[in-house]
Protein chains: 2
Amino acid sequence: MSLTRVHNFAVSLDGFGTGDVQSLAAPFGHAGERLHEWMFGTRWWKGAGSGGGVDDAFVRQHDPGIGAEIMGAGKYGFPGWHEDPEWKGHWGPNPPFHTPVYVMTHHTRPSIEMEGGTTFHFIDGTPAEILEAARAAAGGEDVRLGGGATTIRDFVKAGLVDYMHIVVVPIMLGRGVRLWDGLEGIDADYAIESISAPSGVTHVTFTRAKD
Amino acid sequence: MSLTRVHNFAVSLDGFGTGDVQSLAAPFGHAGERLHEWMFGTRWWKGAGSGGGVDDAFVRQHDPGIGAEIMGAGKYGFPGWHEDPEWKGHWGPNPPFHTPVYVMTHHTRPSIEMEGGTTFHFIDGTPAEILEAARAAAGGEDVRLGGGATTIRDFVKAGLVDYMHIVVVPIMLGRGVRLWDGLEGIDADYAIESISAPSGVTHVTFTRAKD
């Protein structure tokens, strides 16, 4: 069975998945890199092999078993990327996805094939429709939901997310885009576990309860 | 030195310190008892002695070294208690404070002496003024800031809180009163630690950084 999974999505202690004001040059606004420093401390990031503790164990779950990613237009390049015909995302010529990536947007354009197996597809539709397209491309593997906060929220509200790994970072952003908005009662649908790491972050996992 | 401390203040994963709609009969609104079940599982609550793990260790810090409490009018009995001349709080004849308690309110009334050392005083003023009164009554001991969410936030914003223990409970309330509102950047003023407990909650402590 192909699952829909969220990995390594970081929020501040007050629940913001990004700061503001976002721009192409500052995709996380005033949060800068602070939501992701925990990741830069892992062996996975530093390239020193396996065995790096809790943060490292979680960060490495991003890729295995994933056959496609879905991301919001904001993650691809909010705001204004669609006015730039040359925009190919934030990740350089070889993006870290290595699968088809479905960018949710009203501004569709021809697909862009990158190095390393990543192809960006631009697709308009409901979360369920976009998930269907991504799942068909995933070849029986899972679909990763890449964010941002609004995209994750919309898929959770639609009941489409099977597993979600959120990283709570001990900073107070005060403003930006909240992940936790309008999700009343979803704790009834998921087993929720929390584990705090020596780096200071807390990993929170949501695993859909079996029917 | 007398400190201002917050203990055992629970919020949902999405940051609400109470649900809604609050009433005298349902002081936490639709949250019911869910924000406090972690506490009911401790040896401290169940009366079985010491040695009960992380939750128990934290819950027992509520009393030692405290000489007075400050609470918002909402904790004392939101809404409408001031229309009831007989209202003496939610805690019965022997409230669990055992010190002077300063209730912040525009509706002041004569002090009420309860059993067990608790006396409710009704006081109007700024957070700094009320803290000054409570500190004077605390006889050199610390002052506990008892909540609710709005009261804690106001004191944190005023720079008056030295230590804060927040319990993040893995439920999604979706609505109510947020603790984390308008506190941008306070992580610069505090050392923040998180520890997840087997019960499922995560204890987050804020300790004011030395100047």
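How many bridges join strand E1 of chain B to E8(B), and do the two strands run parallel or antiparallel? Six bridges join them, and the strands run parallel. The legends below describe close-up views of a predicted model.

**View 1. Strand E8 of chain B and its partner E1(B).** Strand E1 covers residues 4–12 of chain B, and strand E8 covers residues 163–169 of that chain. The parallel pairing of E1(B) with E8(B) is made through six bridges. Within this pairing, B:Val168 of E8(B) has B:Val11 opposite it.

**View 2. Strand E8 of chain B and its partner E11(B).** E8(B) is also joined to strand E11 (residues 202–208) of chain B, by six bridges. Here the strands run antiparallel. B:His165 has B:Thr205 of E11(B) as its bridge partner.

**View 3. Burial along E8(B).** Strand E8 of chain B is mostly covered, with seven of its seven residues buried. In a regular strand, side chains alternate between the two faces of the sheet. B:Tyr163, B:His165, B:Val167 and B:Val169 point one way from E8(B). B:Met164, B:Ile166 and B:Val168 point the other way. The residues of both sets are buried.

**View 4. Helix H6 of chain B and the residue that follows.** Helix H6 spans residues 149–157 of chain B. Its buried residues are B:Ala149, B:Thr151, B:Ile152, B:Arg153, B:Phe155 and B:Val156. Just after H6(B), B:Gly159 has a positive phi of about 75 degrees.

**View 5. The interface of chain A and chain B.** Contact involves 26 residues of chain A and 26 residues of chain B. The two chains bury about 2,100 Å² between them, and 53% of that area lies on carbon and sulfur atoms. Across the interface, 13 residue pairs are in polar contact, both residues of each pair being at pLDDT 80 or more.

**View 6. The side of chain A that touches chain B.** Six salt bridges are counted between chain A and chain B. One salt bridge links A:Glu184 with B:Arg175, and its closest N and O atoms are 2.6 Å apart. Strands E10 (190–196) and E11 (202–208) of chain A each supply at least two residues of the side that touches chain B. E10(A) gives the largest share of this side, four residues. By residue class, the side of chain A that touches chain B has twelve nonpolar, seven polar and seven charged residues.

Conventions:
Residues are numbered from 1 along each chain as its sequence is written. Chains are lettered from A and ligands numbered from 1 in the order in which they are written. This is a predicted model: local features need pLDDT of at least 70, side-chain atom pairs count only at pLDDT 80 or more; totals for chains, interfaces and linings use all residues. Side-chain values use heavy atoms; hydrogens and water are left out. Contact means heavy atoms within 4.5 Å. Buried area is the accessible area (1.4 Å probe) that two parts lose on being put together, summed over both. A salt bridge is a side-chain nitrogen of Lys or Arg within 4 Å of a carboxyl oxygen of Asp or Glu. A polar contact is a pair of N or O atoms within 3.5 Å; within protein, one must be able to donate a hydrogen and the other to accept it, and residues adjacent in sequence count only if both atoms are side-chain atoms. Ala, Val, Leu, Ile, Met, Phe, Trp, Tyr, Cys and Pro count as nonpolar, Asp, Glu, Lys and Arg as charged, and the others, Gly among them, as polar. Buried means under 20% relative accessible area, exposed over 50%, partly exposed in between (1.4 Å probe, protein chains only). Two strands pair if DSSP finds at least two bridges between them.
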